[in-house]
Amino acid sequence: NPQSLVPSVSGAVEVLAVVLLLLILASSLDDAWIDARYWLRRLRRPRGFPARPEASARSLRQLPELPMAVMVPAWHESDVIAAMLENAIHRLEYADYMLFVGTYPNDPRTIAEVERVAARNPRVRRVQIDHSGPTCKADCLNAIVADILAVERATGREFYGVVMHDSEDVLHPLELRYFNAVLSHHDMVQIPVVALARDLRHLVAGTYMDEFAESHAKEMLVREELCGSIPSAGVGTCFSRPAIRALWESSGGNPFRTDSLTEDYEIGMRLAELGMRSRFALVSIVEDDNAPGAPETPADTLLSVREFFPASFRAAYRQKARWILGIGLQSWRQVPLRGRPVPVTYMMLHDRKGIVTAFVPPAAYLVMAYMLLLAWGSAAQWWPPGAGGLFREGSFWNALLYVNGALLAVRCAQRAYFTSSIYGWRQGLAALPRMVVGNFVNCMAAARAWRLFLAHCLTGRPLAWDKTAHQFPDLPLPKPALQPLPQSGLGAATLSHP
(Lines give C-alpha, C1' and ligand atoms only; values in the text may rest on other atoms or scores of the structure.)
Protein backbone atom coordinates (compact mmCIF):
# COMPACT_ATOMS: atom_id res chain seq x y z
CA ASN A 1 0.00 0.00 0.00
CA PRO A 2 1.80 3.18 -1.18
CA GLN A 3 -0.01 5.36 1.36
CA SER A 4 1.37 3.35 4.32
CA LEU A 5 4.78 2.70 2.77
CA VAL A 6 5.67 6.28 1.79
CA PRO A 7 6.05 7.73 5.32
CA SER A 8 8.45 5.01 6.50
CA VAL A 9 10.52 5.11 3.32
CA SER A 10 10.60 8.90 3.42
CA GLY A 11 11.91 8.88 6.98
CA ALA A 12 14.75 6.53 6.03
CA VAL A 13 15.58 8.60 2.95
CA GLU A 14 15.67 11.76 5.06
CA VAL A 15 18.18 10.17 7.45
CA LEU A 16 20.33 9.18 4.45
CA ALA A 17 19.97 12.73 3.14
CA VAL A 18 21.29 14.11 6.44
CA VAL A 19 24.36 11.84 6.26
CA LEU A 20 25.02 12.89 2.66
CA LEU A 21 24.46 16.53 3.56
CA LEU A 22 27.13 16.39 6.27
CA LEU A 23 29.62 14.59 4.01
CA ILE A 24 29.05 17.12 1.24
CA LEU A 25 29.47 19.98 3.73
CA ALA A 26 32.77 18.59 5.04
CA SER A 27 34.17 18.02 1.54
CA SER A 28 32.93 21.41 0.30
CA LEU A 29 34.50 23.27 3.23
CA ASP A 30 37.77 21.47 2.52
CA ASP A 31 37.65 22.58 -1.11
CA ALA A 32 36.58 26.12 -0.16
CA TRP A 33 39.54 26.43 2.23
CA ILE A 34 41.95 25.57 -0.59
CA ASP A 35 40.12 28.07 -2.82
CA ALA A 36 40.54 30.75 -0.16
CA ARG A 37 44.27 30.03 0.22
CA TYR A 38 44.76 30.31 -3.51
CA TRP A 39 42.88 33.57 -3.93
CA LEU A 40 44.59 35.14 -0.90
CA ARG A 41 47.86 34.23 -2.57
CA ARG A 42 46.69 35.95 -5.74
CA LEU A 43 45.61 39.08 -3.84
CA ARG A 44 49.01 39.35 -2.15
CA ARG A 45 50.77 39.59 -5.50
CA PRO A 46 51.95 43.08 -6.49
CA ARG A 47 49.57 45.04 -8.67
CA GLY A 48 50.23 44.45 -12.34
CA PHE A 49 52.07 41.19 -11.69
CA PRO A 50 50.64 38.43 -13.93
CA ALA A 51 48.67 35.59 -12.35
CA ARG A 52 51.02 33.18 -14.10
CA PRO A 53 54.75 34.07 -13.95
CA GLU A 54 56.51 34.41 -17.28
CA ALA A 55 59.83 33.08 -18.48
CA SER A 56 61.70 34.53 -21.44
CA ALA A 57 62.31 32.05 -24.25
CA ARG A 58 65.34 34.07 -25.33
CA SER A 59 66.90 33.88 -21.85
CA LEU A 60 66.34 30.12 -21.68
CA ARG A 61 67.99 29.62 -25.08
CA GLN A 62 71.05 31.61 -24.05
CA LEU A 63 71.96 29.35 -21.11
CA PRO A 64 74.68 26.74 -21.71
CA GLU A 65 73.24 23.24 -22.01
CA LEU A 66 73.95 20.52 -19.48
CA PRO A 67 73.24 16.84 -20.25
CA MET A 68 69.69 15.60 -19.59
CA ALA A 69 68.19 12.10 -19.49
CA VAL A 70 64.52 11.44 -20.31
CA MET A 71 62.93 8.23 -19.00
CA VAL A 72 60.01 6.62 -20.86
CA PRO A 73 58.66 3.33 -19.43
CA ALA A 74 56.80 1.34 -22.09
CA TRP A 75 54.58 -1.72 -21.86
CA HIS A 76 52.39 -2.53 -24.89
CA GLU A 77 52.91 0.94 -26.35
CA SER A 78 53.59 -0.03 -29.96
CA ASP A 79 50.72 2.14 -31.19
CA VAL A 80 52.17 5.39 -29.83
CA ILE A 81 55.80 5.05 -28.77
CA ALA A 82 57.40 5.73 -32.17
CA ALA A 83 55.25 8.82 -32.76
CA MET A 84 56.02 10.11 -29.27
CA LEU A 85 59.78 9.67 -29.67
CA GLU A 86 59.87 11.19 -33.16
CA ASN A 87 57.77 14.11 -32.02
CA ALA A 88 60.01 14.76 -29.03
CA ILE A 89 63.17 14.61 -31.13
CA HIS A 90 61.76 17.04 -33.68
CA ARG A 91 60.25 19.47 -31.18
CA LEU A 92 62.78 19.72 -28.37
CA GLU A 93 65.07 22.73 -28.66
CA TYR A 94 67.90 21.03 -26.87
CA ALA A 95 70.94 19.13 -28.07
CA ASP A 96 72.51 17.44 -25.06
CA TYR A 97 69.97 14.83 -24.02
CA MET A 98 69.17 11.13 -24.36
CA LEU A 99 65.86 9.27 -24.36
CA PHE A 100 65.92 6.04 -22.31
CA VAL A 101 62.98 3.77 -23.19
CA GLY A 102 62.29 0.78 -20.96
CA THR A 103 60.83 -2.30 -22.67
CA TYR A 104 60.02 -5.90 -21.68
CA PRO A 105 61.24 -9.02 -23.54
CA ASN A 106 57.68 -10.32 -23.98
CA ASP A 107 56.58 -7.13 -25.76
CA PRO A 108 58.20 -7.56 -29.20
CA ARG A 109 56.01 -5.00 -30.99
CA THR A 110 57.03 -2.19 -28.67
CA ILE A 111 60.66 -3.29 -28.91
CA ALA A 112 60.49 -3.20 -32.71
CA GLU A 113 59.02 0.31 -32.73
CA VAL A 114 61.66 1.65 -30.35
CA GLU A 115 64.46 -0.01 -32.31
CA ARG A 116 63.11 1.46 -35.55
CA VAL A 117 63.37 4.96 -34.12
CA ALA A 118 66.71 4.30 -32.42
CA ALA A 119 68.22 3.14 -35.72
CA ARG A 120 67.71 6.67 -37.10
CA ASN A 121 68.22 8.64 -33.88
CA PRO A 122 71.26 7.77 -31.75
CA ARG A 123 69.92 9.78 -28.83
CA VAL A 124 67.27 7.04 -28.31
CA ARG A 125 68.48 4.16 -26.12
CA ARG A 126 66.36 1.12 -25.41
CA VAL A 127 66.63 -0.41 -21.95
CA GLN A 128 65.34 -3.98 -21.89
CA ILE A 129 64.08 -5.25 -18.57
CA ASP A 130 65.48 -8.71 -17.87
CA HIS A 131 62.12 -10.22 -16.88
CA SER A 132 58.70 -10.40 -18.47
CA GLY A 133 56.01 -7.79 -17.99
CA PRO A 134 53.79 -6.42 -16.89
CA THR A 135 55.22 -5.72 -13.47
CA CYS A 136 54.63 -2.09 -12.53
CA LYS A 137 55.76 1.28 -13.79
CA ALA A 138 58.12 1.70 -10.83
CA ASP A 139 59.95 -1.53 -11.72
CA CYS A 140 60.49 -0.28 -15.27
CA LEU A 141 61.68 3.12 -14.01
CA ASN A 142 64.15 1.52 -11.60
CA ALA A 143 65.73 -0.43 -14.45
CA ILE A 144 65.98 2.75 -16.52
CA VAL A 145 67.67 4.62 -13.65
CA ALA A 146 70.14 1.74 -13.30
CA ASP A 147 70.96 2.05 -16.99
CA ILE A 148 71.37 5.83 -16.75
CA LEU A 149 73.94 5.34 -14.00
CA ALA A 150 75.64 2.66 -16.12
CA VAL A 151 75.86 5.07 -19.06
CA GLU A 152 77.41 7.66 -16.77
CA ARG A 153 80.07 5.18 -15.71
CA ALA A 154 80.72 4.15 -19.31
CA THR A 155 81.02 7.69 -20.69
CA GLY A 156 82.39 9.56 -17.68
CA ARG A 157 79.65 12.20 -18.09
CA GLU A 158 76.96 12.77 -15.49
CA PHE A 159 73.43 13.78 -16.40
CA TYR A 160 72.42 17.07 -14.83
CA GLY A 161 68.73 16.16 -14.68
CA VAL A 162 66.54 13.08 -15.13
CA VAL A 163 63.02 13.65 -16.54
CA MET A 164 60.00 11.35 -16.33
CA HIS A 165 57.60 10.99 -19.27
CA ASP A 166 55.06 8.54 -20.61
CA SER A 167 54.67 7.20 -24.11
CA GLU A 168 51.65 9.41 -24.93
CA ASP A 169 53.22 12.74 -23.89
CA VAL A 170 53.61 15.76 -26.14
CA LEU A 171 56.65 17.62 -24.83
CA HIS A 172 57.02 21.39 -24.78
CA PRO A 173 59.90 22.51 -27.06
CA LEU A 174 61.60 24.44 -24.23
CA GLU A 175 60.93 21.98 -21.43
CA LEU A 176 64.53 20.78 -21.09
CA ARG A 177 65.83 24.33 -21.33
CA TYR A 178 63.61 25.34 -18.43
CA PHE A 179 64.76 22.40 -16.31
CA ASN A 180 68.33 23.31 -17.24
CA ALA A 181 67.70 26.79 -15.83
CA VAL A 182 66.05 25.93 -12.50
CA LEU A 183 67.72 22.70 -11.34
CA SER A 184 70.53 24.69 -9.77
CA HIS A 185 68.08 25.69 -7.01
CA HIS A 186 65.71 22.71 -6.84
CA ASP A 187 66.02 18.94 -6.69
CA MET A 188 62.60 18.13 -8.16
CA VAL A 189 60.67 20.31 -10.59
CA GLN A 190 57.14 19.49 -11.75
CA ILE A 191 55.47 21.24 -14.68
CA PRO A 192 51.68 21.09 -15.23
CA VAL A 193 49.92 18.32 -17.09
CA VAL A 194 47.36 19.64 -19.57
CA ALA A 195 44.84 17.40 -21.30
CA LEU A 196 44.77 18.01 -25.03
CA ALA A 197 41.55 19.77 -25.97
CA ARG A 198 38.62 17.73 -27.23
CA ASP A 199 35.46 19.06 -28.82
CA LEU A 200 32.39 19.63 -26.66
CA ARG A 201 30.79 16.26 -27.43
CA HIS A 202 33.60 14.34 -25.66
CA LEU A 203 32.15 14.59 -22.16
CA VAL A 204 34.33 11.96 -20.48
CA ALA A 205 37.61 13.19 -21.96
CA GLY A 206 36.52 16.71 -21.11
CA THR A 207 36.44 15.88 -17.41
CA TYR A 208 40.22 15.41 -17.53
CA MET A 209 40.60 18.86 -19.08
CA ASP A 210 38.59 20.38 -16.25
CA GLU A 211 40.13 18.45 -13.35
CA PHE A 212 43.75 18.93 -14.39
CA ALA A 213 43.19 22.61 -15.19
CA GLU A 214 41.91 23.26 -11.67
CA SER A 215 44.29 20.93 -9.86
CA HIS A 216 47.48 22.07 -11.57
CA ALA A 217 46.64 25.77 -11.77
CA LYS A 218 45.42 26.08 -8.17
CA GLU A 219 45.76 23.12 -5.83
CA MET A 220 49.41 22.31 -6.56
CA LEU A 221 50.38 25.92 -5.80
CA VAL A 222 48.55 25.80 -2.47
CA ARG A 223 50.16 22.46 -1.63
CA GLU A 224 53.62 23.80 -2.38
CA GLU A 225 53.02 26.86 -0.20
CA LEU A 226 51.65 24.84 2.72
CA CYS A 227 53.86 21.76 2.66
CA GLY A 228 57.09 22.87 1.04
CA SER A 229 56.93 19.78 -1.16
CA ILE A 230 54.75 18.47 -3.96
CA PRO A 231 53.93 15.05 -5.40
CA SER A 232 55.20 14.13 -8.80
CA ALA A 233 52.54 13.84 -11.49
CA GLY A 234 54.42 10.92 -13.04
CA VAL A 235 55.18 12.93 -16.18
CA GLY A 236 56.86 16.27 -16.66
CA THR A 237 58.91 15.70 -13.50
CA CYS A 238 62.62 16.49 -13.49
CA PHE A 239 64.95 15.23 -10.76
CA SER A 240 68.39 16.62 -10.15
CA ARG A 241 71.23 14.13 -10.19
CA PRO A 242 71.76 14.49 -6.41
CA ALA A 243 68.06 13.65 -5.94
CA ILE A 244 68.29 10.51 -8.07
CA ARG A 245 71.47 9.47 -6.29
CA ALA A 246 69.88 10.06 -2.86
CA LEU A 247 66.76 8.09 -3.80
CA TRP A 248 68.92 5.29 -5.16
CA GLU A 249 71.13 5.04 -2.09
CA SER A 250 68.33 5.41 0.46
CA SER A 251 66.33 2.58 -1.12
CA GLY A 252 69.07 0.10 -1.92
CA GLY A 253 68.85 0.64 -5.67
CA ASN A 254 65.09 0.96 -5.99
CA PRO A 255 64.35 4.70 -6.14
CA PHE A 256 60.71 4.09 -7.11
CA ARG A 257 58.46 1.91 -4.93
CA THR A 258 57.56 -1.32 -6.71
CA ASP A 259 54.79 -2.12 -4.23
CA SER A 260 52.73 0.92 -5.26
CA LEU A 261 50.60 1.66 -8.31
CA THR A 262 51.24 5.40 -7.83
CA GLU A 263 54.97 5.41 -7.18
CA ASP A 264 55.17 9.07 -8.17
CA TYR A 265 52.80 10.32 -5.46
CA GLU A 266 55.01 9.96 -2.40
CA ILE A 267 58.38 10.61 -3.98
CA GLY A 268 58.18 14.35 -3.27
CA MET A 269 57.71 13.63 0.44
CA ARG A 270 60.65 11.24 0.40
CA LEU A 271 62.84 13.92 -1.12
CA ALA A 272 61.65 16.42 1.50
CA GLU A 273 62.63 13.94 4.24
CA LEU A 274 66.08 13.78 2.63
CA GLY A 275 66.34 17.57 2.91
CA MET A 276 65.77 18.32 -0.77
CA ARG A 277 63.65 21.05 -2.35
CA SER A 278 60.85 20.65 -4.89
CA ARG A 279 58.99 23.18 -7.00
CA PHE A 280 55.80 23.32 -9.03
CA ALA A 281 56.53 25.44 -12.10
CA LEU A 282 53.37 27.15 -13.36
CA VAL A 283 54.91 29.53 -15.90
CA SER A 284 54.23 30.90 -19.35
CA ILE A 285 57.00 30.90 -21.92
CA VAL A 286 57.07 34.28 -23.61
CA GLU A 287 58.61 34.74 -27.04
CA ASP A 288 59.81 38.07 -28.43
CA ASP A 289 56.96 40.24 -29.64
CA ASN A 290 58.20 39.96 -33.21
CA ALA A 291 58.78 36.22 -33.14
CA PRO A 292 57.02 34.44 -36.03
CA GLY A 293 54.29 31.98 -35.22
CA ALA A 294 53.85 33.11 -31.62
CA PRO A 295 51.37 30.98 -29.62
CA GLU A 296 47.82 32.30 -29.55
CA THR A 297 46.14 30.47 -26.66
CA PRO A 298 46.90 30.08 -22.94
CA ALA A 299 47.35 26.33 -23.45
CA ASP A 300 50.12 27.05 -25.97
CA THR A 301 52.01 29.57 -23.84
CA LEU A 302 51.87 27.43 -20.70
CA LEU A 303 54.96 25.32 -20.09
CA SER A 304 53.30 21.93 -19.74
CA VAL A 305 53.08 18.30 -20.76
CA ARG A 306 50.12 17.68 -23.02
CA GLU A 307 48.41 14.38 -23.78
CA PHE A 308 45.15 12.73 -24.68
CA PHE A 309 43.26 11.13 -21.82
CA PRO A 310 40.67 8.33 -22.20
CA ALA A 311 37.46 9.27 -23.98
CA SER A 312 35.38 6.22 -23.05
CA PHE A 313 33.64 5.83 -19.71
CA ARG A 314 35.13 2.40 -19.00
CA ALA A 315 38.71 3.38 -19.83
CA ALA A 316 38.40 6.53 -17.72
CA TYR A 317 37.14 4.85 -14.57
CA ARG A 318 39.70 2.04 -14.88
CA GLN A 319 42.52 4.55 -15.11
CA LYS A 320 41.22 6.60 -12.20
CA ALA A 321 40.71 3.43 -10.18
CA ARG A 322 44.47 2.91 -10.30
CA TRP A 323 45.04 6.45 -9.00
CA ILE A 324 42.50 6.02 -6.19
CA LEU A 325 43.89 2.60 -5.34
CA GLY A 326 47.43 3.92 -5.00
CA ILE A 327 46.80 7.32 -3.43
CA GLY A 328 43.65 6.63 -1.45
CA LEU A 329 44.10 3.03 -0.25
CA GLN A 330 47.66 1.71 -0.60
CA SER A 331 49.10 4.93 0.83
CA TRP A 332 47.50 4.35 4.26
CA ARG A 333 50.11 1.64 4.83
CA GLN A 334 52.92 2.96 2.67
CA VAL A 335 52.78 6.67 3.54
CA PRO A 336 51.43 6.88 7.11
CA LEU A 337 50.09 10.13 8.53
CA ARG A 338 51.80 9.86 11.90
CA GLY A 339 54.75 12.12 12.59
CA ARG A 340 54.21 14.51 9.69
CA PRO A 341 53.69 18.28 9.89
CA VAL A 342 50.05 19.34 10.17
CA PRO A 343 49.82 20.91 6.66
CA VAL A 344 51.25 17.72 5.10
CA THR A 345 48.81 15.55 7.06
CA TYR A 346 45.93 17.77 5.99
CA MET A 347 46.81 17.57 2.29
CA MET A 348 47.23 13.80 2.52
CA LEU A 349 43.74 13.51 4.03
CA HIS A 350 42.47 15.81 1.28
CA ASP A 351 43.94 13.42 -1.30
CA ARG A 352 42.41 10.36 0.35
CA LYS A 353 38.89 11.61 0.93
CA GLY A 354 37.83 10.39 -2.52
CA ILE A 355 37.66 6.79 -1.31
CA VAL A 356 34.49 7.89 0.53
CA THR A 357 33.26 11.09 -1.12
CA ALA A 358 33.29 9.61 -4.64
CA PHE A 359 30.11 7.70 -3.72
CA VAL A 360 28.29 10.75 -2.33
CA PRO A 361 27.16 12.65 -5.49
CA PRO A 362 25.43 9.68 -7.21
CA ALA A 363 23.73 8.81 -3.91
CA ALA A 364 22.64 12.44 -3.55
CA TYR A 365 21.22 12.38 -7.08
CA LEU A 366 19.09 9.35 -6.13
CA VAL A 367 17.87 11.01 -2.93
CA MET A 368 17.01 14.17 -4.84
CA ALA A 369 15.13 12.14 -7.45
CA TYR A 370 13.15 10.42 -4.70
CA MET A 371 12.30 13.76 -3.05
CA LEU A 372 11.08 15.17 -6.36
CA LEU A 373 9.01 12.04 -7.01
CA LEU A 374 7.55 12.31 -3.50
CA ALA A 375 6.58 15.95 -4.03
CA TRP A 376 5.11 15.18 -7.43
CA GLY A 377 3.06 12.27 -6.09
CA SER A 378 1.86 14.34 -3.13
CA ALA A 379 0.76 17.17 -5.45
CA ALA A 380 -1.18 14.61 -7.51
CA GLN A 381 -2.70 13.26 -4.27
CA TRP A 382 -1.43 9.76 -4.99
CA TRP A 383 -0.04 9.58 -1.44
CA PRO A 384 0.22 11.87 1.57
CA PRO A 385 3.33 14.02 2.10
CA GLY A 386 6.31 12.25 3.61
CA ALA A 387 6.22 12.14 7.39
CA GLY A 388 9.90 12.81 8.21
CA GLY A 389 9.84 16.59 8.34
CA LEU A 390 13.61 16.98 8.93
CA PHE A 391 13.84 19.38 6.00
CA ARG A 392 10.76 21.44 6.74
CA GLU A 393 11.03 25.16 6.04
CA GLY A 394 12.98 26.94 8.76
CA SER A 395 14.67 23.81 10.13
CA PHE A 396 18.43 23.51 10.66
CA TRP A 397 18.77 20.88 7.95
CA ASN A 398 16.84 22.97 5.48
CA ALA A 399 19.18 25.89 6.16
CA LEU A 400 22.14 23.58 5.61
CA LEU A 401 20.77 22.77 2.17
CA TYR A 402 21.15 26.44 1.25
CA VAL A 403 24.69 26.51 2.66
CA ASN A 404 25.65 23.50 0.55
CA GLY A 405 23.97 25.09 -2.44
CA ALA A 406 26.10 28.20 -2.03
CA LEU A 407 29.27 26.12 -1.69
CA LEU A 408 28.28 24.19 -4.83
CA ALA A 409 27.93 27.49 -6.70
CA VAL A 410 31.46 28.42 -5.60
CA ARG A 411 32.70 25.02 -6.72
CA CYS A 412 31.10 25.44 -10.16
CA ALA A 413 32.54 28.94 -10.54
CA GLN A 414 36.03 27.68 -9.68
CA ARG A 415 35.83 24.83 -12.18
CA ALA A 416 34.53 27.09 -14.96
CA TYR A 417 37.18 29.74 -14.28
CA PHE A 418 40.20 27.46 -14.34
CA THR A 419 38.98 25.52 -17.37
CA SER A 420 38.35 28.80 -19.19
CA SER A 421 41.83 30.08 -18.28
CA ILE A 422 43.36 27.37 -20.46
CA TYR A 423 40.73 26.32 -23.00
CA GLY A 424 38.49 29.38 -23.42
CA TRP A 425 35.01 30.32 -22.23
CA ARG A 426 33.10 27.70 -24.24
CA GLN A 427 34.96 24.86 -22.57
CA GLY A 428 34.58 26.68 -19.27
CA LEU A 429 30.80 26.60 -19.58
CA ALA A 430 30.89 22.99 -20.75
CA ALA A 431 32.82 22.12 -17.58
CA LEU A 432 29.62 22.56 -15.55
CA PRO A 433 27.60 19.65 -17.02
CA ARG A 434 30.84 17.64 -17.22
CA MET A 435 31.03 17.82 -13.42
CA VAL A 436 28.05 15.45 -13.31
CA VAL A 437 29.76 13.06 -15.74
CA GLY A 438 32.93 13.24 -13.67
CA ASN A 439 31.00 12.33 -10.53
CA PHE A 440 29.81 9.07 -12.08
CA VAL A 441 33.30 8.27 -13.45
CA ASN A 442 34.83 8.85 -10.02
CA CYS A 443 32.16 6.75 -8.31
CA MET A 444 32.83 3.78 -10.58
CA ALA A 445 36.58 4.29 -10.17
CA ALA A 446 36.30 4.24 -6.37
CA ALA A 447 34.14 1.13 -6.48
CA ARG A 448 36.69 -0.66 -8.67
CA ALA A 449 39.56 0.51 -6.46
CA TRP A 450 37.85 -0.83 -3.33
CA ARG A 451 37.12 -4.15 -5.06
CA LEU A 452 40.73 -4.61 -6.20
CA PHE A 453 42.14 -3.55 -2.85
CA LEU A 454 39.91 -5.85 -0.80
CA ALA A 455 40.65 -8.77 -3.14
CA HIS A 456 44.36 -8.04 -2.70
CA CYS A 457 44.03 -7.98 1.10
CA LEU A 458 41.99 -11.20 1.22
CA THR A 459 43.93 -13.27 -1.31
CA GLY A 460 47.38 -11.71 -1.26
CA ARG A 461 47.30 -11.48 -5.04
CA PRO A 462 49.67 -8.68 -6.16
CA LEU A 463 48.26 -5.58 -7.81
CA ALA A 464 49.64 -5.49 -11.37
CA TRP A 465 50.12 -2.65 -13.88
CA ASP A 466 46.58 -1.95 -15.09
CA LYS A 467 47.31 -0.84 -18.63
CA THR A 468 45.53 2.18 -20.15
CA ALA A 469 45.31 2.26 -23.95
CA HIS A 470 46.96 5.46 -25.14
CA GLN A 471 46.42 7.73 -28.11
CA PHE A 472 48.95 10.12 -29.59
CA PRO A 473 47.77 13.19 -31.54
CA ASP A 474 48.33 13.31 -35.27
CA LEU A 475 50.86 16.15 -35.28
CA PRO A 476 52.94 17.20 -38.28
CA LEU A 477 56.65 16.80 -37.67
CA PRO A 478 58.51 20.07 -38.16
CA LYS A 479 62.13 20.27 -39.21
CA PRO A 480 64.24 19.12 -36.26
CA ALA A 481 64.97 22.02 -33.93
CA LEU A 482 68.56 20.82 -33.46
CA GLN A 483 70.83 18.31 -35.15
CA PRO A 484 70.92 14.85 -33.53
CA LEU A 485 73.86 13.71 -31.46
CA PRO A 486 76.65 11.77 -33.16
CA GLN A 487 76.63 8.01 -32.84
CA SER A 488 77.38 7.02 -29.24
CA GLY A 489 77.84 3.31 -29.78
CA LEU A 490 75.88 2.55 -26.62
CA GLY A 491 72.92 0.83 -28.26
CA ALA A 492 70.35 -1.07 -26.24
CA ALA A 493 70.93 -2.31 -22.74
CA THR A 494 69.77 -5.42 -20.93
CA LEU A 495 70.01 -5.16 -17.17
CA SER A 496 69.59 -7.56 -14.29
CA HIS A 497 67.48 -5.69 -11.80
CA PRO A 498 65.63 -7.16 -8.83
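## A cluster of rings

Ring pairs join Y38, W39, Y417 and F418 into a cluster. Rings of Phe, Tyr and Trp (its six-membered ring) pair if their centres lie within 6.5 Å; planes under 30 degrees apart count as stacked, over 60 as edge-to-face and the rest as tilted. This is a predicted model, where local features need pLDDT of at least 70, side-chain atom pairs count only at pLDDT 80 or more, and totals for chains, interfaces and linings use all residues. Residues are numbered from 1 along each chain as its sequence is written, and side-chain values use heavy atoms, with hydrogens and water left out.

In total, the structure holds 16 aromatic pairs. One of them is F100 with F159, edge-to-face at 5.8 Å centre to centre and 85° between the planes. F100 belongs to strand 3 (residues 97-103) and F159 to the loop between helix 5 and strand 5, so the pair ties together parts that are 59 residues apart in sequence. Helices (H or I, at least four residues) and strands (E, at least two) are DSSP runs, numbered from the N terminus.

How buried is F100? Its relative accessible area is 0%, while F159 is buried at 6%. Buried means under 20% relative accessible area, exposed over 50%, partly exposed in between (1.4 Å probe, protein chains only).

Y417 and F418 also pair edge-to-face, with 5.0 Å centre to centre and 85° between the planes. Y417 is partly exposed at 36%, whereas F418 is buried at 2%.

## Helix 8

Let's turn to a helix. In helix 8 (residues 241-250), the buried residues include A243, L247 and W248. After helix 8 comes G252, with a positive phi near 65°.
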